[in-house]
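Please read them beside the model.

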Amino acid sequence: MGDYEEDTAFLGQTGPYFWTTFFLLNTVFVSTGFNGLYIVFVGAAPQHHCLIPDVNLTEEWKNAIIPFTIVDGEEVQSQCSRYKLDVVRNLSAEGYIPGRDVNLTNLEQEGCLNGWNYSKEIYQSNIVTEWDLVCDEQWKVPFASSTLFVGYLFGSLISGHLSDRFGRKKVVFISLAAQCLAVLLQSFSQSWRMFCIMFLFVGASQISIYISAFVLGTELLSKTMRVLFTTLGAFLFYCIGYMTLPWIAYGIREWRTLLAVLSATAVVYIPLWWFIPESPRWLITQGRVEEAEAIVREAAKKNKVEAPPVIFKETELQALPPSKTYSMLDVLKSNNIRCITLMCLILWMAINIGYFGLSLNTSNLSGDPFMNCFLSAACEVPAYVVSTVLLRKCPRRALLSSFLIIGGGVLLLIQFIPDTLQYVALALEMTGKFGFTMSFSIVYIYTAEIYPTVLRNVGMGICSSAARIGSITAPYVIYLGTYNKVLPYILMGSLTIASSVVNLFLPETLNRDLPETLEQMQECQGLCTGPKKRKYIEDEGMRNSTIQCEAKSDVQALTL
């Protein structure tokens with residue numbers, strides 16, 4: 001295939017066609033924002049205690065039948081036990097007064113044999129209240145959350161192959177329909193198992209939407225618009241959906257209705273089928289040159305420019321000779337590449353555990369859970385904007401380590417904040433979310449710049465899989481808060497600080513040539529190599545920085 005950028009240069013870098021495509025594609029990411037984390041509300045555990053059946057008890061014994069226990073240094077009513085009902089009923093019938101005639105600490109306790117009584121102050125109903133996912137069954141909530149991220153893992157593995165075979169546009173809209181159907185069926189779940197199975201499909205379809213729409217945008221847009229799309233557009237529109245979610249949940253407190261409404265929003269995307277074109281690049285690879293030319297001519301018409309009589313010359317469409325293909329085994333052949341890959345895996349896992357851990361933890365924070373979720377989403381907006389600006393001139397290694405230390409450091413400080421200063425703890429958690437979001441956006445670009453062209457897709461795929469493992473783990477990290485509320489912060493903070501140290505041993509990529517071959521990557525080892533070799537790399541990087549700047553724009557468009 002010839003040079004597509006050169007053949008379509010007559011379209012210009014901006015214009016009505018590119019701006020319209022930019023905004024229409026970005027609206028697709030809104031759905032991934034508010035369909036991704038509704039488990040924060042659907043799986044939240046409201047205040048609860050053992051249900052006391054309608055038996056003949058005096059008012060004193062009705063108030064005293066729930067024992068008190070110490071949780072995080074505070075005395076609260078037990079959520080999982082009560083004094084044995086038969087014993088309490090006999091004591092009540094004999095006229096004994098609890099606390100005066102009877103020492104309650106000596107009474108035998110039992111579990112919540114008749115179920116639980118849930119507070120409806122915040123949630124009318126959700127999966128916790130409907131299926132009693134508390135006490136011994138509490139583990140089922142983080143398991144349900146993890147099924148979403150398992151779906152992410154499967155979806156990320158298959159969506160690329162599907163879009164390469166059937167086309168980017170088809171996969172985007174089929175995935176939108178699949179997400180709509182999966183969420184709708186999930187709202188009719190009759191059991192926790194069915195809910196988890198449908199959540200798996202929600203995750204797979206959602207990540208498929210994100211990746212396919214991301215690739216479609218990078219292939220449809222001009223170089224200038226592509227950089228804006230990959231660094232800000234997709235992330236900011238995802239944040240819009242994420243910020244919208246808590247207000248939809250605030251208005252709809254019943255989980256089945258909430259999911260049905262979220263699934264119905266997919267209807268607004270139906271008209272986009274007639275306005276978003278297929279990727280001409282993909283059509284050319286399939287030999288459908290006439291269709292590709294028709295799309296480009298329509299783009300020229302919208303941009304009010306004249307297209308040449310022949311856009312893609314036949315001589316430029318000849319197949320290139322087959323080149324060597326690389327696999328994950330090539331990552332293991334070199335000690336240097338193994339070292340870099342291992343450090344990248346640690347980084348991606350730590351960042352994803354922190355990012356999704358804090359996202360899922362908003363319902364456990366003090367204060368209004370809807371406002372907390374909104375703040376958690378809103379703090380991502382400046383993070384994406386600031387990271388885009390800083391990535392233009394700042395060293396990647398120092399930048400990433402700095403924000404990892406910020407994100408992890410504030411989480412370690414939370415344990416020292418007294419309960420009377422809840423807003424300070426909330427501010428620290430939002431600062432941590434800002435740091436993780438910054439790290440999240442930086443690590444994509446950084447990793448793509450480290451790997452050579454022949455291994456870039458393989459390397460990014462391995463790191464993406466590590467990220468999914470980290471996100472699958474995140475719900476269980478938050479689950480540790482049921483034992484001690486500071487445990488998740490200590491674990492996430494320590495892991496993040498450790499990863500910031502690991503990051504220091506990765507090579508710097510600012511103003512360096514993008515490596516093309518394995519040999520070039522081995523020469524670009526940063527702190528993993530001796531000083532003489534690093535000096536050579538630095539000299540080479542400075543000499544070729546002008547060429548590299550333009551190449552990196554394409555990498556930013558292909559990082560996902």
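Is the crossing of α14 and α17 left-handed or right-handed? It is left-handed: the near helix is turned anticlockwise from the far one by less than a right angle, while clockwise would be right-handed.

1. Basis. This is a predicted model, where local features need pLDDT of at least 70, side-chain atom pairs count only at pLDDT 80 or more, and totals for chains, interfaces and linings use all residues. Residues are numbered from 1 along each chain as its sequence is written, and side-chain values use heavy atoms, without hydrogens or water.

2. α14 and α17. Helix α14 (residues 335-360) packs on helix α17 (residues 396-414) at about 45°, with axes 12 Å apart. That angle makes α14 oblique to α17 (oblique is what remains after under 35 degrees, roughly parallel, over 145, roughly antiparallel, and 65 to 115, roughly perpendicular). Leu-347, Ile-351 and Leu-358 of α14 meet Leu-400, Leu-404 and Leu-411 of α17 (contact means heavy atoms within 4.5 Å). By class, this contact has six nonpolar, no polar and no charged residues.

3. α7 and α9. The axes of helix α7 (residues 140-166) and helix α9 (residues 192-220) come within 6 Å and cross at roughly 40°. The two are therefore oblique. Their crossing is right-handed. The contact of α7 with α9 has 15 nonpolar, eleven polar and one charged residues.

4. Ile-276. This residue sits in the loop between α11 (255-264) and α12 (280-285). Ile-276 counts as buried because its relative accessibility is 2% (buried means under 20%). Beyond neighbours within four places in sequence, Ile-276 contacts Leu-24, Leu-25, Lys-169, Phe-173 and Leu-216. The C-alpha atoms of Ile-276 and Leu-24 lie 7.2 Å apart, across 252 residues of chain.

Conventions: Axes fitted to C-alpha atoms, helices over the stretch in contact; angles between N-to-C directions. Helix = DSSP H or I, 4+ residues; strand = E, 2+ residues; numbered from the N terminus. Nonpolar A, V, L, I, M, F, W, Y, C, P; charged D, E, K, R; others polar. Buried < 20%, exposed > 50% of the residue type's maximum accessible area, 1.4 Å probe, protein only.
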